Amino acid sequence: MSIVVLDGSTVREFVEDKEAFNKTMDEKFVELDANKDGVLCRSELRKALESLRLMESEMGMEVSSTPQELNALYDSVFDGFDTDHNNNVDLNEFRSEMKNIMLAIADGLGAAPIQLLLEEGSLLKDAVEFESAKTH
Ligand SMILES: [Ca+2]
Ligand SMILES: [Ca+2]
């Protein structure tokens, strides 16, 4: 884990650099596709969301949620990704919903830089590294 300082514009610039963002998403997608069939099923996406740590902070998940509540929440998130409702998430669906999520996070962060403790592999960390690679 590492401590980073970021604000909404750091995240937004990362998302809006289509090439950099899609490259990162492609790498994540391959990593997450555990059985290598080219799509993410419910359990693969759930694992992804758990590891990205987006849910707790950005989607209003309470630590005290019951397993039933968590299942319902993950189901609704999966449905958000699976826009053509074929019960799996392909690369394009993954890219576009991750973009929505990241932009929502950017809005949530606003203009004031905040300190965050991020785990390895966090997408926000990718955003920070993207920015520092650019400015140095
Ligand atoms: Ca898969
Ligand atoms: Ca789909």
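Select helix α2 (residues 18-32) and colour Phe21, Thr24, Met25 and Phe29, its buried residues (buried: 20 or more other C-beta atoms within 10 Å of a residue's own; exposed: 12 or fewer; C-beta atoms are placed from the backbone). Seen down the axis of α2, these buried residues fall within an arc of 140°, so they line one face of the helix; the arc is that of the directions from the helix axis to the C-beta atoms. This is a predicted model, in which local features need pLDDT of at least 70. Residues are numbered from 1 along each chain as its sequence is written.

Helices here are DSSP runs (H or I, at least four residues) and strands likewise (E, at least two), numbered from the N terminus.

Now select α5 (67-81). Val77, Phe78 and Phe81 are buried in this helix. Viewed down the axis of α5, they fall within an arc of 105°, so they line one face. On the other side of α5, select the exposed residues Gln68, Glu69, Ala72, Asp75, Ser76 and Asp79.

Finally, move to the largest nonpolar core, which has 27 residues (a set of buried Ala, Val, Leu, Ile, Met, Phe, Trp, Tyr and Cys residues joined through C-beta atoms within 7 Å). Those with the most contacts inside this core are Leu6, Val11, Leu45, Phe94, Met102 and Ala127. The helix α6 gives the most to the core, with seven residues. End at Leu6, which touches residues including Val11, Leu109, Pro113 and Ala127, not counting residues up to four places away in sequence (contact: C-beta atoms, placed from the backbone, within 7 Å).

Note on methods. Chains are lettered from A and ligands numbered from 1 in the order in which they are written. This is a predicted model: local features need pLDDT of at least 70, side-chain atom pairs count only at pLDDT 80 or more; totals for chains, interfaces and linings use all residues. Two residues are in contact if their C-beta atoms, placed from the backbone, lie within 7 Å.
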